Structure formats: C-alpha cells, structure tokens
Amino acid sequence: MKETVNFCEARASSSTANLGPGFDVFGLGLDLFYDTVSISKLATKNGKIKITLENNNKIPSIAEENSASLSVMKIAQKYKIKNDLDIRITKGVPIGLGLGSSAASSAAAVTAFNELFQCKLTENELLDFAAEGEVSSAGVKHYDNVVASLFGGFVIVRTFPTLQFVRINAPKDLILVVCVPQMVTPVKKTKIARSVIPRTIPIEDHTRNLANACMMVSGFLYQDTKLLTSGIKDIIVEPARKSLIPGYEKLKLNAIRSGALAVTISGAGPSMIAFTNSAKKAHKIGKSMEQVFADSKIQSNAYVCRAGGGAKVISKY
Ligand code: HSE
C-alpha cells in the first residue's frame, strides 16, 4: 500500500465558449455540471502519475493524453516536483459535447495541485497551466473554456501580447438553455471542428463580428441582457461548423420562435445554447430544441441554468 502524504480535491464547472462572435476569446461559466479531481501526493518520488476514472472510462487514462494530468505534469515540471501522484477524476461534465469537459478537468486539477503543493500560482499561471490540457482534445492551447471553468462568469481572454483576462458577472436575469444531444463524438472532436474554420475572411465579416462582440461586452458591462444577446451572431465560424450539427437551422428557428433572445453553438458543438431573460419561456425553448434533435432521431436533453461556475478546493488533508 502506497503512503499518501497529502490529499486535495477540487471541482470546476462546465462552460460555454465563443458565445457567437467571440471565437477563442469569450467564455461563460455554467452553473450546471462539475468535474471533481482529487490528487494524492505519495511519498515516493519517481514522477509517476496514476489516473483513476471514477465514473467514466470514455476519457484517456494515460497521463500524457488526459487533460487533467497534462496540466499537472506541466506544473510539476516547472517546480521540479517528483512525487508520485494518484489522480482521481469524477466526470460530471458531458464529454465531447461542447460544454468544456476537458477544460473542467484541467481547471479542477490545477486548482487541486496548486493547493496541495502550495505553489502559489497567480491566476494567469493557473490559467496557462490549465490551458495545457486543451492540447489533448483541441490540438492547441485555447483559453476560453478553461478561463470560464476556473473563474466563472463571463470572461474575455487574450493571449497576445501577454496572457490577460477580464471577468464580468452576468446579469441576474440571464438564463441559459443548453440542449445537449446524446451523440458520440470523436476523441479529437474539437480539433476536427477547428479544421473546418476558414483561414482568411473578408474584412466586412470581421467588422460585423467585431461590432457584435462589442455589443455583447457592453451588454455584460451594463448588465443588460437584451443588449448582450443582440450581439450573439457569428458570421465567420458558425456557418463553417453548422453542418456538424443535425437540424442546426431549424433548431435556431424553433428556439427563437419559442422566445429565445439568441441561439448559438456551444463551443465547438454539438450542444446548442439559447439565451433568455424569461424563466417562463426557458422550458418551452428547451423543448423546442429537443424536438429538432428528435426529428433527426437523436435523443437530447435541454437544461436550464444560470451563469456562474468556477473552480474551488472542496477538501484537503
Ligand atoms: N473556442 C474553441 C473552439 C472552444 O470553438 O474551437 C472549444 O470548446
């Protein structure tokens, strides 16, 4: 029996990325699903990581391929920490469906590791290490899901010239309806969804998307749900990805007709997310979205939730 010296457990939330025009820049923490990661620090120092998947075997259990351990390995490398680790992952975020599943595991893992080894990482360092995990599913470090999973709320992130993020609380009346289809997606789904995005765009498209993004940020700053949702229109990435989502056009139409203020792909999909300020309409919006997936013989579940989320330590010894 290996001796555990210390232990820390943290959880981190699901998130939706892009929110229309904010590709790789906007993230929103969703107070809906949570991943929990516990890390045991062992006395032995061979730099070995063992991963146990508590409730799901659909994610990689090899340390080099798992988002949580990829992030942890990078911190351990930087701080020359050699202790063997037992990492236990309890998935709450649906996998590969556009709700920041890999990001939630990474965010929980860096939060737990930072606490366990008292690394005293800055928020930016936590973010950067958490983004390392995204390489496992997206092929590149993208920050929009991890930033929302770590810090919650609406978050704007940029990586150039330096890594920087701004967090804004969502308006109190903002309600999200997330429709999650029960589809089996490839392990590298995000990488595939990124490969269809155009590499060059007309300047007019850039201007329209930028204006929409600015309306969104203004809406969050003014706490004005109608203003922010008026900007949720993307004419660059979403048109390129819509063929990956069965019934995409109909689903948007149905949700709008049922009272949604805006509808977009959640992250790289295939989940779709609708925005409303009416708790009364939320249920109807969800049902209308589920119906479209059902028409394509795909079962789905619509969840009504609030913005929020974030990561926190839940136990340690
Ligand atoms: N911004 C990323 C993308 C989010 O759309 O590829 C992936 O969840």
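Trainee: Which residues is Cys-179 in contact with, leaving aside its neighbours within four places in sequence?
Mentor: In this predicted model, Cys-179 is in contact with Ser-271, Met-272, Met-289, Glu-290, Phe-293, Ser-300, Asn-301 and Ala-302.

Trainee: And where is the place of Cys-179?
Mentor: Cys-179 belongs to strand S7, which covers residues 175-181.

Trainee: Is Cys-179 buried or exposed?
Mentor: Cys-179 counts as buried, because its relative accessibility is 0%, and the cut-off for buried is under 20%.

Trainee: How far apart in space are Cys-179 and Phe-33?
Mentor: From C-alpha to C-alpha, Cys-179 and Phe-33 are 13 Å apart, while 146 residues separate them in sequence.

Trainee: Glu-290 was in that contact list. Which residue forms a salt bridge with Glu-290?
Mentor: The partner of Glu-290 is Lys-287, with the closest N and O atoms 3.1 Å apart. Both residues lie in helix H11 (residues 279-295), three residues apart, about one turn of the helix.

Trainee: What about burial for that pair?
Mentor: Glu-290 is buried, with a relative accessible area of 17%. Lys-287 counts as partly exposed, at 45% relative accessibility.

Trainee: Changing topic: how is the protein chain divided?
Mentor: There is a domain 1, made of 7-169 + 308-316, and a domain 2, made of 175-305. Their C-alpha centres lie 24 Å apart. Domain 1 gives 32 residues to the contact and domain 2 gives 38 residues.

Trainee: What area do domain 1 and domain 2 bury between them?
Mentor: The two domains bury about 2,500 Å² between them, and 68% of that is on carbon and sulfur atoms. Pro-21, Phe-23 and Leu-97 supply 23% of the area that domain 1 buries against domain 2, more than any other three residues.

Trainee: And how many residue pairs are in polar contact across the interface?
Mentor: Twelve residue pairs are in polar contact between domain 1 and domain 2. On the side of domain 1 that touches domain 2, the elements giving two or more residues are strand S1 (4-17), strand S2 (26-42), helix H4 (135-138) and strand S5 (154-158). S2 provides the largest share of that side, six residues. By class, the side of domain 1 that touches domain 2 has 19 nonpolar, eleven polar and two charged residues.

Trainee: What is the count of salt bridges between domain 1 and domain 2?
Mentor: The count is one salt bridge. The side chains of Asp-24 and Arg-194 meet in a salt bridge at 2.6 Å, N to O. Asp-24 sits in the loop between S1 and S2 and Arg-194 in helix H6 (residues 189-195), so the pair links distant parts of the chain, 170 residues apart.

Trainee: Are those two buried or exposed?
Mentor: Asp-24 counts as partly exposed, at 22% relative accessibility. Arg-194 is buried, with a relative accessible area of 17%.

Trainee: How many salt bridges does the structure hold?
Mentor: The structure holds ten salt bridges. Among them is the pair of Lys-91 and Asp-35, whose closest N and O atoms are 2.4 Å apart.

Key: Residues are numbered from 1 along each chain as its sequence is written. This is a predicted model: local features need pLDDT of at least 70, side-chain atom pairs count only at pLDDT 80 or more; totals for chains, interfaces and linings use all residues. Side-chain values use heavy atoms; hydrogens and water are left out. Helices (H or I, at least four residues) and strands (E, at least two) are DSSP runs, numbered from the N terminus. Buried means under 20% relative accessible area, exposed over 50%, partly exposed in between (1.4 Å probe, protein chains only). Contact means heavy atoms within 4.5 Å. Domain bounds come from an automatic or database domain assignment. Buried area is the accessible area (1.4 Å probe) that two parts lose on being put together, summed over both. A salt bridge is a side-chain nitrogen of Lys or Arg within 4 Å of a carboxyl oxygen of Asp or Glu. A polar contact is a pair of N or O atoms within 3.5 Å; within protein, one must be able to donate a hydrogen and the other to accept it, and residues adjacent in sequence count only if both atoms are side-chain atoms. Ala, Val, Leu, Ile, Met, Phe, Trp, Tyr, Cys and Pro count as nonpolar, Asp, Glu, Lys and Arg as charged, and the others, Gly among them, as polar.
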